[in-house]
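User: I would like to learn how to read the features of a protein model. Can we go through them in turn?

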Amino acid sequence: RTQAEMAHTCRGTINLSTAHIDTEDSCNIVLSNGGRTYHLKANSEVERQRWVTALELAKAKAIRMRNNQSDDSGDEEPASQSDKSELHSTLKTLSSKLEDLSTCNDLIAKHGAALQRSLSELENLKLPAESGEKIKAVNERATLFRITSNAMINACRDFLDLAETHSRKWQRALQYEREQRIRLEETIEQLAKQHNSLERACRGAPGLSSSSTGITSTAKGGVQSAKGEASDEDEETEYFDAMEDAPAFITVTADPKHHRRSGSNLSGASEGHPEDWNLEDSVFESSNQSSYNESTCKDLVPKKRRRTRIPDKPNYSLNLWSIMKNCIGKELSKIPMPVNFNEPLSMLQRLTEDLEYHELLDKAVKCESSTEQMCFVAAFSVSSYSTTVHRTAKPFNPLLGETYELDRLEEFGFRSLCEQVSHHPPAAAHHVYSKRGWTLWQEITIASKFRGKYLSIMPLGAIHLEFHSSGNHYVWRKVTSTVHNIIVGKLWIDQSGEIEIVNHKSKDKCQLKFTPYSYFSRDIPRKVTGVVSDAGGKAHYVMSGTWDEKMECSKIVQSSHGSTSTEGKQKTVYQTLSPKVLWKKYPLPENAENMYFFSDLALTLNEPEERVAPTDSRLRPDQRLMESGRWDEANVEKQRLEEKQRAVRRRREAEAVEALEEGKDYEGYIPLWFERKVDAVTGELICVYKGGYWEAKDKQDWSTCPDIF
């Protein structure tokens, strides 16, 4: 299939070219690709082996097809109009020559048959014996000529059929490119209309206090046009497995001393005890507003002096249109990008950056109640997005086998290791151990699509967090990130979707909703709301805040069912105590706008360190050159590294095909520090840390590391 056809496969389809095929036992097969896993069971071991062989052969064929397509169009410059005209002319000439060849084939067949008949007639004539033998020899040679001619005719006919088939394929490719160009032109026109309508709405608004009224009256047409365009956008929207809607609720702050009011219209569906919300005896004490800065500042005092700035970002101009016009509908990881779009960190380092607010997990360890602990885990899951609000640049795609370590065992009690375990699709495995009582691990696959108006980034895979003393095991998944104004206007990022955090030991749940940003919404931007409930469904805490600033937690003392909303849903009313701040974003360092808006932690992630593995992201030359401001050299080095990786990939695929032809097993790329296992909680095939890295670091024995730089 072409890339255009692959984009419209049925839900549940697995792309074999990037799939992992494993066997559990004598009859079971595990087929995994990113966040999707299928468990297949055969009737016998013989049948299982037949299926595995067939799947491996199909995978090798899919890899060859993908490479042919990517070699044709993946890394080349977009074809101009003159190139298209030349291709049309070439196809027309080829078709004409093929018709001539077909005519010649028919003539050869016709004249060859006539020559054969003439020689047969001569052989039947009464001639001297010597002449008869010569005629017989000539007849044999004519027969050989006819056989050879027939073979050539058949080969020509096959070539003709193949050329006609590819001609249709090329025509479809050209038609697809025309449609994409037309769609892009329409998108730009719609963006211009929206931009103009919003400008008129802003000019018509008398002030911020009455901005909602002004926008409603002045930009009515603009609002209607935006709603009308939503239907066009729906055609391009990707759909995923549905989650339950986050519960619609209203919170009312109650006085702890008088929360049971006689005149209250709230019927006591569930009640809590306000005396449980005692800051003096609760772990929440270290998270309230007054003590927050004191506690975190003490934690942030480093034992080792680390850098606080990097070279300022240079101001390079770039022809964005020349790159973007050929990217619509393609996987972002397959588009050749200059470093001008990047920030000097790899995706492994961005993944490690989720640990910036690790002290939330240290506090969660001290919680005696699993629902209280869930509040801190929920705040931690939201805090990982705080660094993205100004970070519109793209991190470097890690090379296969690239690693990144962050050893803060002495300073903050944890050490982290990431490894790139797959290249297509790009997947990174991450493992964090804290001596303060928790372990976190995940395998994240990034799926991304450029849609003309915006770029959608969908992290696939589950995040696992386990607390050592209690055994509480939490699992959740990330939401979708969207980069807006790719072509027109200033880039900005939004997070939208839902996160369901489940404690698989106690069955507690927390449903968080990330509200997408809207020009005309009355909600605060980047809003996050949620409810923490126990195994029986009883709500205990309300979570509220924004993913770029802070998260608060309010204890529920009473809940009831309120009035029915206009959408026909019945809202729940929660009467809560005063909220407590669990997490607040650290301020950005001085001059952050000239340092890619890096946080204090991000500034240290690419700081050179001794004794790290030779595959560590800190040693990647193109990333180091970019950080130093030498972008032209970085682009040259980036192309060299990518071509080196392609050569290794082609060699590995050739070995796989050779092994399959010989009937041997080929395991493919095997991660160095991680191994694939079926997760007992989610049932997915994921990469988990198998050990050995920190021991190898102590011995400085990196002999098993590949040469990727």
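Analyst: Start with burial. Buried means under 20% relative accessible area, exposed over 50%, and partly exposed in between (1.4 Å probe, protein chains only). Asp161 has 39% relative accessibility, so Asp161 counts as partly exposed. The model is predicted: local features need pLDDT of at least 70, side-chain atom pairs count only at pLDDT 80 or more, and totals for chains, interfaces and linings use all residues. Residues are numbered from 1 along each chain as its sequence is written, and side-chain values use heavy atoms, with hydrogens and water left out.

User: Which residues form the negative surface patch?

Analyst: Definition before case. Patch residues have over 30% relative accessible area and no salt bridge; like charges are joined within 9 Å, and nonpolar side chains (Val, Leu, Ile, Met, Phe, Trp, Tyr) within 5 Å. Areas come from the Shrake-Rupley method with a 1.4 Å probe, and for residues only the protein chains shown count as cover. Lys and Arg count as positive, Asp and Glu as negative; His and the chain ends are not counted. A charge is placed at NZ of Lys, CZ of Arg, CG of Asp or CD of Glu. Here Glu99, Asp158, Asp161 and Glu164 make up the negative patch. Helix α4 (residues 129-204) gives the largest share, three residues. Asp161 sits in helix α4.

User: Which residues form the nonpolar patch?

Analyst: Tyr517, Tyr519 and Phe520, with about 310 Å² of accessible area together. Phe520 is in the loop between β17 (509-514) and β18 (527-533). Helices (H or I, at least four residues) and strands (E, at least two) are DSSP runs, numbered from the N terminus.

User: How many salt bridges does the structure hold?

Analyst: A salt bridge puts a side-chain nitrogen of Lys or Arg within 4 Å of a carboxyl oxygen of Asp or Glu. The structure holds 35. One of them joins Glu684 and Arg477 (2.6 Å, N to O). That pair links distant parts of the chain, 207 residues apart: Glu684 is in the loop between β23 (674-678) and β24 (685-689), and Arg477 in strand β14 (residues 473-477). Glu684 is buried because its relative accessible area is 10%. Arg477, at 35%, counts as partly exposed.

User: Where do Glu627 and Arg624 lie?

Analyst: An α-helix has 3.6 residues a turn, so residues three or four places apart point the same way. Glu627 and Arg624 are both in helix α13, three residues apart, about one turn. Their salt bridge has its closest N and O atoms 3.0 Å apart. Elsewhere, salt bridges with shared partners join Arg306, Arg408, Glu411, Glu609, Asp616 and Arg618 into one network.
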